[in-house]
Amino acid sequence: MKSAPPFFALRANTMNACSPKRESIAIAQQTWVCTEGPHPKPNAQIVDVWLQERTPPDRPLNFLMLGGVPLVHRELLSLLGEDNIERDLYVGRVFGRGDKLLEDWVTARGRRRVILRGVKEASYRLCPDCGRILYSSHDDCYLFPAPPPETAIFESSLFGLVVTREIGERVLAEKRARKWRRIAIDPLQILDPPPDGFGVLPGTERGFQ
Ligand SMILES: [Zn+2]
């Protein structure tokens, strides 16, 4: 029998990811988004974003097509636990069309970021600009090595969040109650050794980057 998963991945199961307002792209490139690809620079912390949309269409989790920044509705944020949010996340503002501050949405970036690893067509490379690991596979479904127990919420390498089982089960119950269709909540095991054959990826000895 499989043991209960220690973590869950929360992913935006949306066909309507949000577009950055055109004027905000150059500013983002000067500050927090890596010029080599769609990922935040390693030293980026709180990120405020400006959308072309009036509001993110799919709740409670969406993401910005620039940098893959997770956009979290307060209905989901409220399930994560105030202490966890304070300790583990950088929470920023979301502005909709016409630069209107959207009170119900925030950007939520993890202070620590985990890589969702897979098996099929798995590969990785180092970003030539910022050195971050860029990993891809067709079936991202496990972690390695185990992330540290003192963190409850991580940013995932796939534009979402990774949370402990306790939080994941709370979000699952709320997904059923509220009929959220556009959030996927997938169990994550720690697989040792990792079946992609890469061992510990450079810079992830502590389970995150
Ligand atoms: Zn980079």
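1. Start with the buried side of H4: Ile167, Gly168 and Val171 are its buried residues (buried means 20 or more other C-beta atoms within 10 Å of the residue's own, exposed 12 or fewer, partly exposed in between, with C-beta atoms placed from the backbone). They sit on the same side of H4 because they cover an arc of only 100 degrees around the axis, the arc being that of the directions from the helix axis to the C-beta atoms. On the face turned away from the buried side you'll find the exposed residues Glu166, Ala173, Arg176 and Ala177.

2. Before going on, a word on the model: it is predicted, so local features need pLDDT of at least 70 and side-chain atom pairs count only at pLDDT 80 or more, while totals for chains, interfaces and linings use all residues. Residues are numbered from 1 along each chain as its sequence is written.

3. H4 itself runs over residues 165-178, 14 residues in total, and spans 20 Å from first to last C-alpha, close to the 20 Å expected at 1.5 Å a residue (expected span: 1.5 Å times one less than the number of residues). Helices (H or I, at least four residues) and strands (E, at least two) are DSSP runs, numbered from the N terminus. Just after H4, Lys179 takes a positive phi of about 55 degrees.

4. What do the buried residues of H4 pack against? Their partners are strand E1 (7-12), helix H2 (74-77), strand E12 (161-164) and strand E13 (183-190), with contact meaning C-beta atoms, placed from the backbone, within 7 Å. From H2, have a look at Leu76: this residue touches Pro60, Leu61 and Val171, leaving aside residues up to four places away in sequence. Leu76 is buried, with 24 other C-beta atoms within 10 Å. Its C-alpha is 7.6 Å from that of Leu61, 15 residues apart along the chain.

5. Now the core. The largest nonpolar core has 49 residues, and Leu10, Leu71, Val162 and Val163 have the most contacts inside it (a nonpolar core is a set of buried Ala, Val, Leu, Ile, Met, Phe, Trp, Tyr and Cys residues joined through C-beta atoms within 7 Å). E1 gives the most to this core, with five residues. Domain 1 (14-110) and domain 2 (113-188) both contribute, so the core lies between them; the bounds come from an automatic or database domain assignment. Val162 touches Phe7, Ala9, Val114, Phe154, Ser156 and Leu188, again not counting residues up to four places away in sequence.

6. On the domain contact: the C-alpha centres of domain 1 and domain 2 lie 17 Å apart, and 25 residues of domain 1 are in contact with 22 of domain 2. On the domain 1 side, strand E3 (61-63), helix H3 (82-88) and strand E6 (100-110) each supply at least two residues.

7. Two cis peptide bonds are worth a look. One joins Phe144 and Pro145, with omega about -10 degrees, and Pro145 lies in the loop between strand E10 (142-143) and strand E11 (153-156). Another joins Asp192 and Pro193, with omega about 5 degrees; Pro193 is in the segment after E13.

8. Check the backbone at Asp99 too: its phi is positive, about 60 degrees, although Asp99 is not a glycine. Asp99 is in the loop between strand E5 (89-96) and E6, and is exposed, with 11 other C-beta atoms within 10 Å.

Key. Two residues are in contact if their C-beta atoms, placed from the backbone, lie within 7 Å.
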